[in-house]
2 protein chains.
Amino acid sequence: MGRIVVKFGGTSVASVERIRQAALHVKREVDAGNEVAVVVSAMSGKTNELVGWVNDASKLHDAREYDAVVASGEQVTAGLMAVVLSEMGIPSRSFQGWQVPIKTDDAHGAARIVEIDPTELEKRFADGVVPVITGFQGVAPSGRVTTLGRGGSDTSAVAVAAAVKADRCDIYTDVDGVYTTDPRITPKAKRLSKISFEEMLEMASLGAKVLMIRSVEMAMAHKVRLTVRSTFDDPNAPQIAPDGTPGVPGTIVCDEEEIMEKQIVSGVTLARAESKITLRDVKDRPGVAAAIFGALSDESIVVDMIVQNVSEDGSTTDITFTVPDAEHDKAVKALKAAGEAGRFEYRTLTSAKGGAKVSVVGVGMRNHAGVAASMFKALADKSINIQLITTSEIKTSVLIDDEYAELAVRALHTYYGLDKQDA
Amino acid sequence: MGRIVVKFGGTSVASVERIRQAALHVKREVDAGNEVAVVVSAMSGKTNELVGWVNDASKLHDAREYDAVVASGEQVTAGLMAVVLSEMGIPSRSFQGWQVPIKTDDAHGAARIVEIDPTELEKRFADGVVPVITGFQGVAPSGRVTTLGRGGSDTSAVAVAAAVKADRCDIYTDVDGVYTTDPRITPKAKRLSKISFEEMLEMASLGAKVLMIRSVEMAMAHKVRLTVRSTFDDPNAPQIAPDGTPGVPGTIVCDEEEIMEKQIVSGVTLARAESKITLRDVKDRPGVAAAIFGALSDESIVVDMIVQNVSEDGSTTDITFTVPDAEHDKAVKALKAAGEAGRFEYRTLTSAKGGAKVSVVGVGMRNHAGVAASMFKALADKSINIQLITTSEIKTSVLIDDEYAELAVRALHTYYGLDKQDA
């Protein structure tokens with residue numbers, strides 16, 4: 001007996017047949033006595049098709065028209081889901097973003113949700129009706145339709161869950177949870193029963209493409225318990241958590257306090273195709289880092305790892321950072337141009353494509369000294385050379401040669417006891 | 001210098017390329033100094049696809065969800081048209097039905113337009129912006145999206161034209177106007193420069209599927225001058241009417257008064273696959289016709305021609321009528337059942353499928369005696385037997401054997417001087 005917001009991604013609603021499969025999960029929750037609201041993405045592939053048409057119509061299209069066109073995809077699946085649910089005997093009705101309303105700012109194409117008025121939705125809960133809401137979209141103060149940017153449906157679901165004070169927000173997708181690492185790299189990867197918001201954020205930004213960062217941030221801010229689970233699981237099977245207890249047969253993303261026994265390391269992640277760029281003997285003066293990274297952000301290049309070492313004489317410094325391989329050439333060109341324009345001084349620029357970033361993530365790190373040192377030792381045991389190191393409170397990342405990427409992930413996964421964990 | 005509403009059908013916006021072609025017609029009108037509003041259908045095939053999905057989701061779907069899903073098609077083309085126009089340097093923005101708003105009743109799936117508030121559109125005209133409006137849809141008092149039923153985009157266009165008091169409503173389609181008869185039956189068919197609303201109504205309901213009847217009725221009621229013209233004409237060619245004068249290179253549908261020299265007959269139409277059903281010696285008493293046709297309308301069977309003859313003794317009558325061949329079996333079954341139930345009495349029921357209804361239409365008939373007689377003579381000259389006759393003020397129809405259908409159309413086309421007309 002609770003209130004649950006469930007969200008289905010594009011592959012989960014790719015056809016009427018799949019919508020029917022997804023609806024069975026809704027039915028199970030309704031039959032268990034829960035109040036349920038549904039948030040849907042567009043059929044997979046549909047948004048790309050619509051975006052293609054808009055780009056074809058004009059490279060310099062108005063973002064407001066882009067939104068009007070692209071938002072149509074969710075409208076279709078919301079209506080179809082409501083029809084399928086009603087057919088199953090579950091009273092249901094669809095809501096478009098403007099009908100709820102889901103109020104956003106006017107940043108068309110990448111709008112942020114400002115407010116969701118829960119009145120309409122509360123009314124449906126009271127009437128025993130399942131509202132089916134278009135994800136990814138809202139309405140601007142101007143009354144025009146907005147979209148939230150890619151992956152926005154997760155954010156819509158979390159925002160709806162926060163607005164109606166849901167007990168849980170279930171993100172149904174094509175994977176069955178969050179794993180300790182990519183199962184394609186090691187079959188020993190284990191599904192986690194629970195993971196903290198902070199860990200999920202680090203995992204999400206490090207390439208575990210299960211949840212959009214933005215939705216995790218919002219869930220953390222509003223204390224919305226998220227679950228990640230598979231639409232393609234048998235909807236009528238007993239609900240058993242990965243640790244064998246009754247619960248959600250997926251991963252729960254929740255407050256750290258909820259996780260009783262914290263793993264030192266919860267997961268190992270891998271991001272490939274990272275370019276390393278080093279500026280040597282940069283004349284060290286206030287604002288030099290701002291000048292360098294300003295030159296990159298002017299070109300909309302997102303920098304990932306940043307390391308700065310102090311040089312021997314103290315007047316110059318070496319700065320190394322990584323960018324995606326695809327941005328390598330653009331970044332080098334921008335830096336050289338900025339150097340020539342006198343925005344900063346340096347002696348040499350060296351760069352290399354094809355690095356691999358391997359990270360270990362875990363809230364347990366906070367209270368355990370020596371995680372970084374042990375990580376370096378585990379890699380040294382396999383003769384893997386470390387090129388760069390960065391750390392945060394709950395994460396340690398190293399850049400290594402791509403050749404060693406899988407080896408490093410497997411070694412760390414074993415080293416931190418993730419192979420045998422059953423949580 | 002005027003105000004024009006232009007409407008593009010599904011084949012005219014079937015791809016981004018075609019939308020670009022359509023937009024050139026808008027550009028020509030804007031460049032000529034006109035205020036222009038655009039109404040668009042969904043890409044051809046798209047509405048059928050959406051309807052298919054809804055039916056697949058449930059045969060007994062909620063019409064409100066049907067509308068939510070199906071209305072998405074026009075949303076896409078409206079946005080794309082606005083993008084394409086802007087790209088051409090014509091400021092433009094899209095409007096969905098609820099944004100105008102186009103207020104309808106709540107008869108979802110077949111809603112009627114109640115009111116269009118012109119304020120938003122007038123504002124765009126004043127700002128030199130071309131509004132692009134989704135056809136076929138509106139918003140119900142409940143705030144839910146409605147659709148107007150098939151062909152509703154023509155109706156939307158006429159309603160918008162009436163609301164903004166447009167000088168003209170141009171219906172762009174894949175044919176270049178209204179013809180004296182089907183050009184596939186006789187190459188001598190001529191495009192009409194002008195046709196009256198009344199004639200167009202008769203033509204539309206008789207199988208000249210150029211304009212939806214509903215939109216013509218609305219245009220007549222609100223005195224909106226309609227034109228029917230082709231999207232695929234060269235948008236930059238001189239605008240020459242079919243009669244050789246400068247004007248609209250299509251057919252204008254307008255008030256009878258505007259048509260100076262009225263043809264006695266403006267067109268010859270053909271409707272095939274008509275079944276003839278005769279009830280002989282029907283016991284004549286008040287309400288007997290209501291009983292017979294009530295039995296048919298209970299089964300949603302639409303009856304076309306109806307003829308009643310009085311029998312010799314005055315106490316019984318023969319009633320003959322036509323229904324589409326596809327409804328023949330259902331109609332016969334319904335009549336027999338109603339007869340057995342004692343709703344009316346008759347001696348025999350005979351029926352035959354495969355009739356062809358040939359009609360001559362023209363407002364000039366009103367003032368010219370003998371049009372019907374001359375029609376029968378023209379057919380007799382070709383030894384064509386007439387099975388049924390019905391007449392209205394501006395139309396005479398006969399049912400004949402389908403074998404003679406084309407021959408009859410060509411004979412009448414020639415007989416009434418349409419082969420050589422140049423108007």
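## Relation of the two chains

In this predicted model, chain B is superposed on chain A by a rotation of 180 degrees with 0.1 Å of shift along its axis, leaving an RMSD of 0.1 Å; the copies are superposed by least squares on the C-alpha atoms of residues with pLDDT of at least 70 in both. The two copies are thus related as by a two-fold rotation axis. Within chain B, the C-alpha nearest that axis belongs to B:Ser72, at 2.6 Å from it. Both copies use the same surface, since 100% of the contact residues of chain B recur in chain A, where contact means heavy atoms within 4.5 Å.

Residues are numbered from 1 along each chain as its sequence is written, and chains are lettered from A and ligands numbered from 1 in the order in which they are written. Local features need pLDDT of at least 70, side-chain atom pairs count only at pLDDT 80 or more, totals for chains, interfaces and linings use all residues, and side-chain values use heavy atoms, with hydrogens and water left out.

Helices (H or I, at least four residues) and strands (E, at least two) are DSSP runs, numbered from the N terminus. Helix H4 of chain B, residues 72-87, has 16 residues and reaches 23 Å from its first C-alpha to its last, close to the 22 Å expected at 1.5 Å a residue, the expected span being 1.5 Å times one less than the number of residues. Of the 16 residues of H4(B), 14 are buried, so this helix is largely enclosed by the rest of the structure; buried means under 20% relative accessible area, exposed over 50% and partly exposed in between, with a 1.4 Å probe and protein chains only. Just after H4(B), B:Gly89 takes a positive phi of about 90 degrees.

In helix H8 of chain B, residues 213-222, the buried residues are B:Ser215, B:Val216, B:Met218 and B:Ala219. They cover an arc of only 165 degrees around the axis, which puts them on the same side of H8(B); the arc is that of the directions from the helix axis to the C-beta atoms. After H8(B) comes B:Lys223, whose phi is positive, near 55 degrees.

Eight strands of chain A form an open sheet with mixed pairing, in the order E3-E6-E2-E1-E9-E11-E12-E10, two strands being paired if DSSP finds at least two bridges between them. Its edge strands, each pairing on one side only, are E3 (92-95) and E10 (194-196) of chain A, and the twist averages 20 degrees from one strand to the next. Strands E9 (168-173) and E11 (226-230) of chain A pair in the parallel sense over five bridges, and A:Ile171 has A:Val228 as its bridge partner in E11(A).

In chain B, B:Val178 lies in the loop between strands E9 (168-173) and E10 (194-196), and B:Val178 is buried, with a relative accessible area of 2%. Leaving aside neighbours within four places in sequence, its contacts include B:Leu192, B:Ile195, B:Met200, B:Met203 and B:Val228. The C-alpha atoms of B:Val178 and B:Gly267, which are 89 residues apart along the chain, are separated by 9.2 Å.

## The six-stranded antiparallel sheet

A further open sheet of chain A has six strands in the order E14-E15-E13-E16-E18-E17, with antiparallel pairing. Strands E14 (306-310) and E17 (388-392) of chain A form its edges, each pairing on one side only, and neighbouring strands are turned by 30 degrees against each other on average, direction ignored. E14(A) and E15 (316-324) of chain A pair over five bridges, with A:Thr320 in E15(A) as the bridge partner of A:Val307.

Helix H10 of chain A, residues 328-340, lies across E13, E15 and E16 of chain A, running at about 130 degrees to E16(A); axes are lines fitted to C-alpha atoms, for helices over the stretch in contact, and angles run from 0 to 180 degrees between N-to-C directions. Helix H11 of chain A, residues 371-381, packs on the sheet and touches E16, E17 and E18 of chain A, its direction making about 25 degrees with that of E18(A). Within strand E18 of chain A, A:Thr396 is buried, with a relative accessible area of 3%, and its contacts beyond four places in sequence include A:Val358, A:Ala372, A:Met375, A:Phe376 and A:Thr390.
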